[in-house]
Amino acid sequence: MEANIATETNGETWGGGNKKPLGASYGKMMMWFFILSDALTFSGFLGAYGFMRFKFNESWPIADEVFTHFPFLHGVHAPMYYVALMTFILIFSSVTMVLAVDAGHQLNKKKVTFYMLLTIIGGIIFLGSQAWEWKNFIGGSYGAVQLNDGKIVQFVDATGHQIELEKFAATSHSERVQHTRDKGLWFVKEASLPPFSLDQVIEGFESNPEITIRIEKINQETKTKIIIPRAEAMAYLNEAKAVVKGANLQVNEYGKPLFADFFFFITGFHGFHVLSGVIINIIIFFNVIIGTYERRGHYEMVEKVGLYWHFVDLVWVFVFTFFYLV
Amino acid sequence: MANAQEHKSHTGLIWKVFGILSLITIAEVILGIIKPDALYLTKILGTSPLNIIFLVMTIVKAYYITWFFMHMADEKKSLRRAVVWTAVFLIIYLAALLLIEGSYINDVLGPLTKWSY
């Protein structure tokens, strides 16, 4: 049976032997095909997002109105700036990664170590930024009212700008307290209560004549949400079911819960890739420090994790486009 | 693996590609913030010209990342085609099916959605 067994290994069995299909080492080729399959996974998710967005084309939330926060600029309407910053952080960490690969080609251990460290720091900063973005999205900005059929109604002032519930809701005394396990049924949980009750919001709406409401439907001519005249607004509010602040997997003050679901799932899946990339980078970073690759004579391992890291950046380029720009 | 002397440093190219990627991103952000009416509110090929510009810019960025950061340009043609053509074909196919179906459902569902009370 010896004829069927590859005996010619030359000590490179773990590298896939000396045969190199497509002119790449086994590990590098397989990293490329892993990236290909992962790219298809992300396309599936983004494609599903596109499907839902086309399906609800007339009432999809407008990203510029959702992501408007910037650190230390509280209350300032700053769309795009924060996510642009995040994009730059990720692109820059991609640059330091490719510089590490480049230094690896010259077997310059010191430079590889330095650039790997910068890459790891960039990845961690990106993850922190994403957590902050999630925090703002979950916390919400204005608050809204959900109708019986699930549609969202937002409040606007006379100039057509959105207005916070705090600005107009009645502050009458409310008896409703948060249910906790030590106060009531120990086996029942309750989601955290919105800052105001429905009655307070509607009472506040009635006593502030300059306020009116805005529905999810988009005016295709101006690409803005349609504002309902105040005279007709009460017909909508009579259908109100709950006060919504922020977003989670069930409700979303900015509009369709699907928007929140896809946002959490796709950026979460991407963030998970960044996290695993950071962990793999840290492992390789320590391998570089203890000289594993110096003894091996080449830094191909840095190149392979580099491929993965650039792929994460590549995915973010598309997530950025489809969630924030288009 | 070739030895160190054969590999000359490509840092110049890397910084150039970084410059290009940054410029495209800055242009995207500026367009995304000001959203000129002529590009945003008009329609071409089923969407606004602005969306087409964003898509093209995204693909250009993807090209630079894949070709120069992931060194696809230095790989053999066979590997490059095995990866890139497969991805491009399958993604276009999937996206076309999903988006056509999505807009069809919108055509049917849209008029049935109740917006007045």
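**A sheet and its helices**

Mentor: Helix α6 (residues 198-207) of chain A lies across β1 (144-147) and β5 of chain A, and makes an angle of about 95 degrees with β5(A). Helix α7 (residues 230-237) of chain A also packs on the sheet, where it touches β1, β2 (152-156), β3, β4 and β5 of chain A. The direction of α7(A) makes about 85 degrees with that of β3(A). Such angles run from 0 to 180 degrees between N-to-C directions, the axes being lines fitted to C-alpha atoms, for helices over the stretch in contact. Residues are in contact if their C-beta atoms, placed from the backbone, lie within 7 Å. Helices (H or I, at least four residues) and strands (E, at least two) are DSSP runs, numbered from the N terminus.

This is a predicted model, in which local features need pLDDT of at least 70 and side-chain atom pairs count only at pLDDT 80 or more, while totals for chains, interfaces and linings use all residues. Residues are numbered from 1 along each chain as its sequence is written, and chains are lettered from A and ligands numbered from 1 in the order in which they are written.

The sheet itself is open and has five strands in the order β4-β3-β2-β1-β5 (chain A), with antiparallel pairing. At its edges stand β4 and β5 (240-244) of chain A, each with a single partner strand, so one side of each has no neighbour in the sheet. From one strand to the next, the twist averages 40 degrees. In general, strands of a sheet pair through backbone hydrogen bonds, either parallel or antiparallel. Here two strands are taken as paired if DSSP finds at least two bridges between them.

The antiparallel strands β3(A) and β4(A) are joined by four bridges, and A:Ile213 has A:Ile228 in β4(A) as its bridge partner. Three bridges hold β2(A) and β3(A) in an antiparallel pair; A:Gln154 has its bridge partner, A:Arg214, in β3(A). Between β1(A) and β2(A), again antiparallel, there are two bridges, and A:Val145 is partnered by A:Val153 in β2(A). The hairpin of β1(A) and β2(A) has four residues between the strands, and there A:Gly150 takes a positive phi near 95 degrees.

How enclosed is β2(A)? Four of its five residues are buried, so β2(A) is largely enclosed by the rest of the structure. A residue is buried if 20 or more other C-beta atoms lie within 10 Å of its own, exposed if 12 or fewer, and partly exposed in between, with C-beta atoms placed from the backbone.

The loop between β3 (212-219) and β4 (224-228) of chain A holds A:Lys223. Most residues other than glycine have a negative phi. The phi of A:Lys223, however, is positive, near 55 degrees. A:Lys223 is partly exposed, with 13 other C-beta atoms within 10 Å.

Chain A is divided into domain 1 (24-140 + 259-325) and domain 2 (144-245), bounds that come from an automatic or database domain assignment. The centres of these two domains of chain A, taken over C-alpha atoms, are 37 Å apart. In total, chain A has ten helices and five strands. Its radius of gyration is 26 Å, well over the 20 Å that the globule rule gives for 326 residues, so chain A is more spread out than a compact globule. The radius of gyration is taken over C-alpha atoms, and the globule rule is 2.2 Å times the number of residues to the power 0.38. Along its principal axes, the C-alpha trace of chain A spans about 85 × 45 × 40 Å. Buried residues make up 39% of chain A.

Chain A also has a partner in the model. The contact takes 52 residues from chain A and 49 residues from chain B. On the side of chain B that touches chain A, the elements that give two or more residues are α1 (11-34), α3 (49-69) and α4 (77-109) of chain B. Of these, α4(B) gives the most, with 18 residues. Chain B has four helices and zero strands, and 15% of its 117 residues are buried.

Terms used: Two residues are in contact if their C-beta atoms, placed from the backbone, lie within 7 Å.
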